[in-house]
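User: I have just been handed this one and have not looked at it before. Can you walk me through it?

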Amino acid sequence: MKTSRYANTRQKSCQQCSSAKARCDRKQAGCSRCAQRGLVCTYAVAKAASIPSPGSEFSLNLNTAEPVRSSPHGTGTVAFAASHGASSFAVEADTHDGLDFSRLNLTCPIDVERIQNRWLNPYFEQPDQSIKQYPPMIKRFVFRILKSYAAMAARGRATLPFVHPTQLDVPGSYLATCLSLARVSDNPLPGSEDAAAAILQREMDAITAQDQEDADNVTTLAAFQAYLIYILILFFRLNQGPGPLFRSAMTTLQGLACVASRKGLVCAADATHTRPRWEEWIVAEAKRRTLYVMYLLDNVLSDQENLPTYLGTELRGLPVASDKPLWQAHTRAVWERDYNVFLAEWSEQALTIDELWPVPPEMDDAGIVRRRRRVDHWLENQDEFGTMLFAVTGCTHGSV
């Protein structure tokens, strides 16, 4: 195919300015508008939208829910009916080159089997089981937050707060397919909701048909994230639940979470208070964020079915969401610089999720003061995901 003479010379606005229909000064390192608003500035790569990889493209007929062609693993780029338009996801230009996600040195400090068996909690009491009493206000808050995640995935205008931007650079992954297929839930035609749901459920089946135990860290994470996003869309966008289907889907999701978690949830370097590789940190942080979202979704679905919700005591000791500068770092050099600052500020262990839970009755006044000081320090550098977790835990468990 002959390439247009303008293809390489015309520089388009960044994704954020384009979505807002705002003027962009098109600085590759990050435009001024995004810098002022603290946004992640990304630019679309033209070749990603023009030349699909062989054997990975298929189109969807929303009237029949039949794919025209699909890759063997149920992954690839999706071309939608004209009513939905083309789906393209921006990646940062020349900032993620040289990433190597092989040989990740991660560890798992928790009993992951309890994640897989979490669906049994309402039926078989666990020794340290504790029922959460969600205030009605927090129930509505969590519901609206998760609903917004489903909308973000459907519209493709922003990166989900539990998906790292570098993950969008992996073509043909479970996650890439999911974020493309999510567009079927963006203003579906009347009466097409069930057909769109059938498409997503088919991809969910494709994920579970593959043996994730033998897959690498990046693949199991993408499978876990994609399955979670499918459930969010089915519930919040396509009105498919709750019910037996969702209870079965959540059981499957908890199994995928268990497999992904077993391969490591924290960087081994954390034990020696040293800086890990950027790739290791990306995978560990994205896994934990996805895990926390899954637990919030489990609480929402349990409440919808009038089942009790339980404190995730099996997650005790896991680091809570990391600093905003680390999550939004554009390059390895920027991330390494910010991580060095993080290590200097957190000479002790970083804040863990259980430090946002109820204060143990045996903790003395000095311990309570120390914990609150640590939580305050953590909040200084949080993005919207971290502040959301604090709002939910703080209003549920009281002041921390």
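Analyst: We can start with the whole chain and then go through some single places. Keep in mind that this is a predicted model.

User: How many helices and strands are there in the chain?

Analyst: The chain has 14 helices and five strands.

User: And what percentage of the residues count as buried?

Analyst: Of the chain's 400 residues, 49% count as buried. As for contacts with a separation of 6 or more, 76% of them are between residues 24 or more positions apart.

User: Is Val142 buried or exposed?

Analyst: Val142 counts as buried, because its relative accessibility is 2%, and the cut-off for buried is under 20%. Leaving out residues up to four places away in sequence, Val142 touches Leu296, Val300 and Val392.

User: Switching to H6. Why is it described as largely enclosed?

Analyst: Helix H6 spans residues 174–181, and seven of its eight residues are buried, so the rest of the structure largely encloses it. The buried ones are Tyr174, Leu175, Thr177, Cys178, Leu179, Ser180 and Leu181.

User: What is the angle between H6 and H7?

Analyst: About 175 degrees, and the axes of H6 and helix H7 (residues 193–209) are 11 Å apart. That angle makes H6 roughly antiparallel to H7.

User: Which residues meet there?

Analyst: From H6 they are Tyr174, Thr177 and Leu181; from H7 they are Ile199, Leu200, Glu203 and Ile207.

User: Now the loop between H8 and H9. Where is Arg237?

Analyst: Arg237 is in that loop, between helix H8 (217–236) and helix H9 (244–262). A polar atom of the Arg237 side chain lies 3.1 Å from the backbone oxygen of Ser185.

User: What else is Arg237 in contact with?

Analyst: Setting aside neighbours within four places in sequence, the contacts of Arg237 include Ala150, Ala151, Ala154 and Arg155. Also among them are Asp186, Asn187 and Leu232.

User: On to the rings. How many aromatic pairs does the count come to?

Analyst: The count comes to nine aromatic pairs. One of them is Phe235 with Phe236, an edge-to-face pair at 4.7 Å centre to centre and with 90 degrees between the planes.

User: Are those two buried or exposed?

Analyst: Phe235 counts as buried at 8% relative accessibility. Phe236 is buried as well, with a relative accessible area of 9%.

User: Which residues do ring pairs link into a cluster?

Analyst: The cluster consists of Trp281, Trp327, Trp335, Tyr339 and Phe342. Trp281 sits in helix H10 and counts as buried at 4% relative accessibility.

User: What does Trp281 touch?

Analyst: Not counting residues up to four places away in sequence, Trp281 touches His164, Cys267, Pro276, Ser322, Leu326, Trp327, Trp335 and Tyr339. Asp270 is eleven residues from Trp281 in sequence, and their C-alpha atoms are 9.9 Å apart.

User: Last one, Glu285. Which helix is it in, and is it buried or exposed?

Analyst: Glu285 is in helix H10, residues 278–304. At 1% relative accessibility, Glu285 counts as buried. Beyond residues up to four places away in sequence, Glu285 touches Ala321, Ser322 and Trp327.

Key: Residues numbered from 1 in each chain as written. Predicted model: local features only at pLDDT ≥ 70, side-chain atom pairs only at ≥ 80, totals over all residues. Heavy atoms only, no water. Helix = DSSP H or I, 4+ residues; strand = E, 2+ residues; numbered from the N terminus. Buried < 20%, exposed > 50% of the residue type's maximum accessible area, 1.4 Å probe, protein only. Contact = heavy atoms within 4.5 Å. Polar contact = N/O pair within 3.5 Å; in protein donor to acceptor, adjacent residues only side chain to side chain. Phe/Tyr/Trp six-rings, centres within 6.5 Å; stacked < 30°, edge-to-face > 60°. Axes fitted to C-alpha atoms, helices over the stretch in contact; angles between N-to-C directions. Parallel < 35°, antiparallel > 145°, perpendicular 65-115°, else oblique.
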